[in-house]
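Please consult the sequence and the structure as the answers proceed.

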Amino acid sequence: MYTSVGQFKTNFVHNCTCLYIRNWIRNIEQHASDNVNKILVGNKADMDESKRAVPTSKGQALADEYGTKFFETSAKTNMNVEEVFFSIGRDIKQRLSESDAKSEPQTIRINQPDQGAGTSQGAQKSACCGS
């Protein structure tokens, strides 16, 4: 049982916020590519933690549960705002670099004779530029 209306409201908001986050993560997992970069950001870090909807420890626990980074930010004081964008940008760049390194180079061949067509290479002429 809750001892005060304020505590009830705080617990209710915290539980709703966590449910929303879990729903967002579930939607990302269902609709985005498997290797999409995710990050969890808590806001209003300039406020006293007792007044925030989600305390730092709960935000970090959610991030740990989903294997994502966790940042707390404040738009009011500009705390960690740039760091969040730089962090996700670095993560995306690294993921793309790693996937490029793993993929095989693709080669496109232009004006190569079809081996199965039975024509000799000398008999085939390019149609480019009226040749």
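Q: Which residues of H3 are buried?
A: This is a predicted model, in which local features need pLDDT of at least 70, side-chain atom pairs count only at pLDDT 80 or more, and totals for chains, interfaces and linings use all residues. Residues are numbered from 1 along each chain as its sequence is written, and side-chain values use heavy atoms, with hydrogens and water left out. Helices (H or I, at least four residues) and strands (E, at least two) are DSSP runs, numbered from the N terminus, while buried means under 20% relative accessible area, exposed over 50%, and partly exposed in between (1.4 Å probe, protein chains only). The buried residues of H3 are Val-84, Ser-87 and Ile-88.

Q: Which strands are included in what covers the buried residues of H3?
A: Contact means heavy atoms within 4.5 Å. The cover over the buried residues of H3 includes E1 and E2.

Q: Which exposed residues does the face of H3 turned away from its buried side carry?
A: The buried side itself holds Val-84, Ser-87 and Ile-88. On the face turned away from that side, the exposed residues are Phe-85, Phe-86, Arg-90, Lys-93, Asp-100 and Ala-101.

Q: How many salt bridges does the count come to?
A: A salt bridge is a side-chain nitrogen of Lys or Arg within 4 Å of a carboxyl oxygen of Asp or Glu. By this rule, the count is three.

Q: Which residue forms a salt bridge with Glu-65?
A: The closest N and O atoms of the pair are 2.6 Å apart. Glu-65 is in helix H2 (residues 56-66) and its partner in helix H1 (residues 5-31), 43 residues apart.

Q: Are Arg-52 and Glu-72 buried or exposed?
A: Their side chains meet in a salt bridge at 2.7 Å, N to O. Arg-52 lies in the loop between strand E1 (39-42) and H2, and Glu-72 in strand E2 (residues 69-72), so the pair ties together parts 20 residues apart in sequence. Relative accessibility is 11% for Arg-52 and 15% for Glu-72, so both count as buried.

Q: Which residue meets Lys-69 in a salt bridge?
A: The N to O distance is 3.1 Å. The partner is Asp-91.
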